[in-house]
Amino acid sequence: ILINYLPSHCSITIADNGEGFDANHLEATQTGIGLKNMQSRANLINAYFSIQSQPGQGTKVLIESANKTL
């Protein structure tokens with residue numbers, strides 16, 4: 001977990017080296033609510049949200065706000 005708090009913006013990066021998954025097919029196969037909940041909360045504060053993952057490559061989630069509201 002990496003948290004950056006800068007004068008211009010805030011960001012949180014959460015990364016692991018786990019199993020990973022096909023992020024391109026997330027909506028079609030997702031059964032849990034964890035990532036959807038994170039994205040919904042980011043949307044509430046108008047933050048940028050992205051997921052990078054591939055099978056066997058781990059996962060990286062980035063949440064970034066231009067107005068320091070994280």
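**Entry 1: strand pairing**

I began with Ser 11, which stands opposite Glu 64 in β4. The strands β2 and β4 pair in the antiparallel sense over seven bridges, where two strands count as paired if DSSP finds at least two bridges between them. I noted that the model is predicted, that local features need pLDDT of at least 70 and side-chain atom pairs pLDDT 80 or more, while totals for chains, interfaces and linings use all residues. Residues are numbered from 1 along each chain as its sequence is written, and side-chain values use heavy atoms, with hydrogens and water left out.

I then turned to strand β3 (residues 48-53), which is joined to β4 by six bridges and runs antiparallel to it; here Phe 49 stands opposite Ile 63 in β4. Five residues lie between β3 and β4 in their hairpin, and Gly 56 in the turn has a positive phi of about 80°.

**Entry 2: overall layout**

I looked up the secondary structure and found two helices and four strands, taken as DSSP runs numbered from the N terminus (helices are H or I, at least four residues; strands are E, at least two). Along the sequence the pattern reads β-β-α-α-β-β. Of the 70 residues, 24% count as buried, where buried means under 20% relative accessible area, exposed over 50%, and partly exposed in between (1.4 Å probe, protein chains only).

**Entry 3: the core**

Which residues make up the largest nonpolar core? I found six: Leu 35, Ala 42, Ala 47, Phe 49, Val 61 and Ile 63. Such a core is a set of buried Ala, Val, Leu, Ile, Met, Phe, Trp, Tyr and Cys residues joined through side-chain atoms within 4.5 Å. In soluble globular proteins, nonpolar side chains tend to be buried together.

I checked Phe 49 separately: leaving out residues up to four places away in sequence, it touches Leu 35, Met 38, Gln 39, Ala 42, Val 61, Leu 62 and Ile 63, with contact meaning heavy atoms within 4.5 Å. On β4, I listed Thr 59, Val 61, Ile 63 and Ser 65 on the covered face, and Lys 60, Leu 62 and Glu 64 on the uncovered one.

**Entry 4: two residues compared**

Is Thr 13 buried or exposed? Thr 13, which lies in strand β2 (residues 10-16), has a relative accessible area of 15%, so I recorded it as buried. Beyond its neighbours within four places in sequence, Thr 13 is in contact with Ile 1, Leu 2, Lys 60, Val 61 and Leu 62. Ile 3, found in strand β1 (residues 2-5), counts as exposed because its relative accessibility is 61%.
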